[in-house]
Amino acid sequence: MNLPQQAFLRDAMRILNMTRESFSQRIGCTKRALDTWLLPDESSEFRAMPEMARRFISEILAAGELRARGEGPGSSALRGKEAPPRSFGRLSHLLSVAQFSRESSERLFALADIMQPVARRRKVSRVLEGAVLANLFFEASTRTRLSFASAFMRLGGSVCDTTGFTYSSMAKGESIGDTSRTVSGYADVLVVRHPEQGSVAQFASATHVPVINGGDGAGEHPTQALIDLYTIQREFSRLGKLIDGSHIVITGDLKYGRTAHSLVQLLSLYRRIRFTLVSPPSLEMPEEITQLIALRGHDVEVSDSLARALQGADVIYTTRIQRERLTDESIDSFLSIFEINKKVVDQYCKNDVIVMHPLPRDSRPGAYDLNIDLDGDARLAIFRQTDNGVPIRMAIFATILGVDGLVQGSLREANWAIPETWGPDDVLDIDSLEVEAQ
């Protein structure tokens, strides 16, 4: 696959685990030159990379692959003992982050980079023309449902939707197996969100049509975790950081927060991460997850103090308290001390900290979620995070349906007028800012 220049370079830095500065030194160019090569081709600052440089980088990657074959955290003996589900690939289900190694997730991210111009409405692809997605959401959703639908349609496919139990045959007593097998006769891929943990796996067991887990109760949300990890990588690339050795603070509802469950497991595929887990006393991270990341060699600290936890944090990942899932937990007296707001971030965090949230956030007074007083702050990455949902999910669909190798050759220019940015606080391009600042 002849990758576009930006995707080729990003993929190379991920594989080699290098910052922009170390990568530019390795290939013998200035950092400013590398920055101009990394810009989207529609940017006025974009410069074409010499063909000799591309060949040299390809040789470095080939040599590294020969040395690393069979090694690395993604293929360690520890992963083998965990007996993960079938690896993610063509016509597979996507049920858990356990299906991914570090290498396979980064291959997906390289494909997402190719999808970015389509997600940004600059290019058009029709590689899924004629294919049908069934979006089966038995639990309320806005972002996830629309993001999956947008991703599928931007590749030329069509979408059938159902939302809530009330409007499904399951309200009449139909089994999950019957529903799954029936819908499989109508669609080429199923995305399922269900309030009961393990239910999406039941959908998958009744069909050979690919099933994607859109969230199963308090279990997992694998595609959101992939979006979050991709966002962290892109933010760190801008800041000249690596995920290896970073300090990640995860706070909020860690007991029922399926996005947090999935993200820490993906992050644990990296090296020497310091995890600090902060939550109200009755909403701690499940013990089996903290044990897993500790067994993989990471430092894990459980804390009930934001002030102590945020010292030196590279990422703050905060989640909404999911009151709809609470049983006997008494939390209201604790919530105010766990709010992430501008005062807390200014007082305790580094200037380059990245603040993330899977959304929706509860912006009502007294909710003590991620405060809106951080809106417009460059450290707040929540909308860059949601924007990344479309290219990641496009990459997932393309991989599952076996058209990933066709995307690059299918791209053509979009004909309609689009705004330069999606919101009033957005920047034109996150990479161009770094070039302009130098």
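Student: In this predicted model, what makes strands E6 and E7 a pair?

Tutor: Two strands pair if at least two bridges are found between them. Five bridges join E6 to E7 (residues 274–278), and the two run parallel, so by that criterion they are a pair. Within E7, Arg274 is the bridge partner of His247, and Thr276 is that of Val249.

Student: Why is the crossover from E6 to E7 called right-handed?

Tutor: The chain passes from E6 through helix H11 (residues 258–267) to E7 in a β-α-β crossover. The term right-handed applies because, with the strands pointing away from the viewer, the path from the first strand over the helix to the second runs clockwise.

Student: What makes E6 a largely enclosed strand?

Tutor: A residue is buried if its relative accessible area is under 20%. Five of the five residues of E6 (residues 247–251) are buried, so the strand is largely enclosed by the rest of the structure. His247, Val249 and Thr251 point one way, Ile248 and Ile250 point the other way, and all are buried. In a regular strand the side chains alternate between the two faces of the sheet.

Student: How do you know that the buried residues of helix H8 are on the same side?

Tutor: The buried residues of H8 (residues 176–184) are Ile176, Thr179, Ser180, Val183 and Ser184. They cover an arc of only 125° around the axis, which puts them on the same side of H8. An α-helix has 3.6 residues a turn, so residues three or four places apart point the same way. The buried residues of H8 pack against strand E2 (132–137), strand E4 (189–194) and helix H9 (199–205).

Student: What makes Phe397 stand out in the largest nonpolar core?

Tutor: That core has 81 residues, and Phe397 is one of those with the most contacts inside it, together with residues including Leu128 and Ile212. Leaving aside neighbours within four places in sequence, Phe397 is in contact with residues including Leu128, Leu133, Phe148, Val191 and Ile212. Another core, of 19 residues, lies apart from the largest one; among its residues are Val345, Cys349, Leu359 and Leu374.

Technical notes
Residues are numbered from 1 along each chain as its sequence is written. This is a predicted model: local features need pLDDT of at least 70, side-chain atom pairs count only at pLDDT 80 or more; totals for chains, interfaces and linings use all residues. Side-chain values use heavy atoms; hydrogens and water are left out. Buried means under 20% relative accessible area, exposed over 50%, partly exposed in between (1.4 Å probe, protein chains only). Helices (H or I, at least four residues) and strands (E, at least two) are DSSP runs, numbered from the N terminus. The arc is that of the directions from the helix axis to the C-beta atoms. Contact means heavy atoms within 4.5 Å. A nonpolar core is a set of buried Ala, Val, Leu, Ile, Met, Phe, Trp, Tyr and Cys residues joined through side-chain atoms within 4.5 Å.
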